[in-house]
Amino acid sequence: MNIVVCVKYVPDAQSERGFDASDNTTDRENVDGLLSELDEYAVEEALKLVEAGEGEVTVLTIGPEQAADAVKKALQMGADKGVHVSDAAISGSDAPATSLVLAEAIRKIGGADLVLTGMASTDGSMSVVPAMLAERLGLPQVTFASELTVDGDTVTIRRDGDAASETITASLPALVSVTDQINEPRYPSFKGIMAAKKKPVERWSLADLGIDSSQVGLGAAWTKVEDVTKRPPRQQGTIVPDEGDGGARLAEFLASQKFI
Amino acid sequence: MTQHPLELFAVDGLIDSDAKDMRDTVRAVLADRVRPHIAQWYEDATIPARELTRELGALGLLGMHLEGYGCAGTSATAYGLACMELEAVDSGVRSLVSVQGSLAMFAIWRYGSEEQKQEWLPRMAAGEAIGCFGLTEADFGSNPGGMRTSAKRDGDDWVLSGSKMWITNGAVADVAIVWARTDEGIRGFVVPTDSPGFTANEITRKMSLRASVTAELVLDGVRLPASAMLPDARGLSGPLSCLSEARFGIVFGALGAARDCLEVTIDYCREREIFDKPLAAYQLTQAKLADMTLELGKGVLLALHLGHLKDTVGVRNEQISLGKLNSTREAIAIARECRTLLAANGITGEYPIMRHANNLESVLTYEGTSEVHQLVIGQALTGESAFR
Ligand SMILES: Cc1cc2nc3c(=O)[nH]c(=O)nc-3n(C[C@H](O)[C@H](O)[C@H](O)COP(=O)(O)OP(=O)(O)OC[C@H]3O[C@@H](n4cnc5c(N)ncnc54)[C@H](O)[C@@H]3O)c2cc1C
Ligand SMILES: Cc1cc2nc3c(=O)[nH]c(=O)nc-3n(C[C@H](O)[C@H](O)[C@H](O)COP(=O)(O)OP(=O)(O)OC[C@H]3O[C@@H](n4cnc5c(N)ncnc54)[C@H](O)[C@@H]3O)c2cc1C
């Protein structure tokens with residue numbers, strides 16, 4: 001089974017994140033980035049499937065120069081090959097454009113039996129790219145999998161909701177987005193780290209994918225971030241000295257905030 | 001914007017990307033699995049050696065700089081940097097790895113028969129088997145050549161008798177590399193710890209390296225087949241070359257403990273208000289921090305230089321002695337100076353300072369005491385041996 005895993009290179013949540021003042025897009029140049037932690041689950045799931053059977057795992061990312069690090073990390077974990085789509089014109093792309101580029105890249109890879117994605121990116125976190133991508137590829141989409149099994153031509157997932165857990169099946173090829181409950185991603189082993197350097201990584205531009213630059217980027221986006229204001233610093237909390245009525249006053253406070 | 005002490009020295013530019021990625025991986029794994037528990041393990045004088053060894057084995061950390069037999073085959077520098085991360089958490093954790101990879105596995109890898117390598121190295125690399133290294137005896141530490149443990153021929157077999165003292169991993173090991181006196185000089189033996197006549201008695205009541213297993217090994221007529229002897233190690237140079245491997249890790253490791261102390265202390269000084277301003281804003285504090293940072297950075301530069309030598313032209317024993325002497329001596333000085341800045345808080349288990357300082361007392365002593373390394377360097381400089 002050949003699997004393509006879409007991984008996003010995102011700003012490290014541990015470092016100072018900000019917006020580019022000129023166009024209100026995420027500043028991706030001046031921050032440390034990494035493979036989105038939520039996408040590590042997709043990589044891990046792909047590796048487990050291939051290790052239990054056969055086939056290849058290809059990781060695919062769209063992003064600036066440094067996004068090569070996200071591909072490298074997935075290769076160190078054990079993926080077989082990487083594809084990095086990078087083009088200045090892609091900067092500022094919205095979810096429809098992102099899914100367009102991903103779809104064309106997957107076609108150029110030669111398709112896949114299974115496309116895996118994370119449940120959301122840790123920066124944009126719209127959770128819509130998987131659905132859009134499935135639509136563009138004409139694949140069944142089964143999202144938010146917290147368990148995944150493949151049997152022959154069928155993929156079965158469990159989706160945990162508040163009220164019930166659903167079991168959903170789809171025929172392959174299919175697209176599945178996975179949650180952070182599905183597995184525990186491995187750390188790259190030292191052998192993996194050394195082997196990664198020798199694995200093939202393709203670098204594609206928009207031209208390589210036959211996409212016109214007018215279809216992507218900030219100009220083509222359907223929505224626009226008009227303004228950005230930093231969240232005000234947190235207010236000092238209310239301190240309730242317990243004079244024997246602490247419990248009652250706590251309940252009063254929670255009620256006044258409509259928590260209870 | 002403040003800078004990390006090692007950022008001031010821009011050391012990252014001296015490290016290749018694989019070694020950096022491995023270092024960062026070790027740091028992440030330890031932050032996840034070991035750091036949250038280490039203070040308690042130390043307090044309780046325990047370490048989940050088996051579990052930890054398996055986890056570190058899965059990463060490829062055990063015997064990482066050896067080639068083949070399931071070992072990762074990394075650079076020596078990458079190994080050193082991993083030791084620095086391990087010891088930044090605790091010297092006991094680093095000791096476990098040093099003994100496994102550089103003493104026990106290295107002895108087999110360098111001096112063992114093909115059969116011994118096949119039997120032990122893959123399992124030890126994976127962390128499924130734990131090794132220990134028995135050289136020191138109660139009466140022979142700095143002078144191991146005086147050892148009394150003996151191996152005598154009986155037909156084709158060997159019979160080992162005697163005892164070894166202060167043996168790291170001793171009570172949890174599956175295999176012990178034991179050095180013994182024979183008619184043909186000192187030889188090494190691969191001793192499965194379930195051999196009849198072999199016992200390990202854990203040494204308790206340690207005030208240092210509490211998160212590390214230390215034991216006395218007793219060999220009461222342990223009978224081994226001829227194939228148990230390490231064929232290629234003859235005389236004291238065998239065990240001494242293993243020690244040199246492990247010392248290389250300590251050159252980096254001890255500085256990890258110092259780095260951890262310094263990081264904690266800088267944060268503490270910036271938070272702690274004394275006479276209405278942060279402790280960090282006093283000149284005396286800054287002088288201490290600057291001096292400690294300088295020693296740490298110089299030590300790391302020396303360590304990386306030795307790593308570069310080892311990865312290229314090779315490193316000589318007396319050069320490793322320079323590093324072992326410098327790193328352990330400066331690390332313990334840094335830990336103690338940090339303790340003064342944390343004052344009362346510094347003596348508690350809430351902060352890692354005293355734990356590191358206590359650990360470093362052992363690190364200063366084992367693998368050749370500071371005095372012994374001064375003598376090694378002195379001999380290289382003067383041509384005079386002052387050992388006896
Ligand atoms: C500050 C900011 C400003 C933005 N401004 C706009 C705007 O003005 N107009 C607009 O329409 N959108 C805007 N976006 C959304 C942005 O376009 C999205 O980040 C992008 O389209 C992907 O959507 P997502 O990150 O929400 O992905 P999600 O849908 O949350 O991602 C789910 C999964 O899709 C895959 N995936 C997503 N992106 C990639 C990628 N680049 N490469 C490979 N796989 C990927 C991953 O597997 C991921 O786990 C903005 C986002 C941010 C953070
Ligand atoms: C926690 C711990 C773990 C250990 N793990 C191991 C292990 O796994 N395997 C193993 O084989 N050993 C191990 N050791 C033993 C360690 O290597 C010895 O303790 C060390 O070599 C010093 O020996 P000693 O303690 O007998 O000190 P001694 O040799 O008695 O030294 C006493 C003092 O004399 C000084 N001295 C020695 N020779 C000279 C000289 N020629 N001139 C001037 N001064 C001198 C020393 O520097 C020291 O200050 C461990 C020790 C500790 C504390």
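Modeller: Start with exposure. A residue is buried if 20 or more other C-beta atoms lie within 10 Å of its own, exposed if 12 or fewer, and partly exposed in between. Keep in mind that this is a predicted model.

Colleague: Why is B:V11 called partly exposed?

Modeller: B:V11 has 16 C-beta neighbours inside 10 Å. The cut-offs are 20 or more for buried and 12 or fewer for exposed, so B:V11 counts as partly exposed.

Colleague: Where does B:V11 sit, and which residues does B:V11 touch, not counting those up to four places away in sequence?

Modeller: B:V11 is in the loop between helix 1 and helix 2 (17–33) of chain B. Its contacts, with residues up to four places away left out, are B:L6, B:V300 and B:L304. B:L304 is 293 residues from B:V11 along the chain, yet their C-alpha atoms are separated by 8.6 Å.

Colleague: Which domains does the assignment give for chain B?

Modeller: Domain 1 (5–125), domain 2 (131–228) and domain 3 (237–382).

Colleague: How do you know that domain 1 and domain 3 of chain B touch?

Modeller: Two residues are in contact if their C-beta atoms lie within 7 Å. By that test, 32 residues of domain 1 of chain B are in contact with 35 residues of domain 3 of chain B. On the domain 1 side, helix 1 (5–8), helix 3 (35–44), helix 5 (76–89) and helix 6 (91–111) of chain B each give two or more residues. Helix 5 of chain B gives the most to that side, with 11 residues. The residues of that side divide into 19 nonpolar, seven polar and six charged.

Colleague: How many residues surround ligand 1, and which are the closest?

Modeller: There are 36 residues around ligand 1, and the closest are A:D94, A:T117, A:G118, A:G124 and A:M126. Elements of chain A that supply at least two residues of this shell include helix 3 (95–109) and strand 6 (114–118). The shell around ligand 1 divides into 17 nonpolar, 14 polar and five charged residues.

Colleague: What makes a set of residues a nonpolar core?

Modeller: Its members are buried nonpolar residues joined through C-beta atoms within 7 Å. The largest such core has 188 residues, and A:V5, A:A74 and B:F189 are among those with the most contacts inside it. Helix 8 (residues 237–271) of chain B gives the most to this core, with 16 residues. Contacts of A:V5 beyond four places in sequence include A:A42, A:V59, A:A74 and A:L116.

Colleague: How many residues does each chain give to the contact between chains A and B?

Modeller: Eight from chain A and 13 from chain B. On the chain A side, helix 5 (residues 190–196) of chain A gives the most, with four residues.

Technical notes. Residues numbered from 1 in each chain as written. Chains lettered and ligands numbered in written order. Predicted model: local features only at pLDDT ≥ 70, side-chain atom pairs only at ≥ 80, totals over all residues. Domains from an automatic or database assignment. Nonpolar A, V, L, I, M, F, W, Y, C, P; charged D, E, K, R; others polar. Near = placed C-beta within 6 Å.
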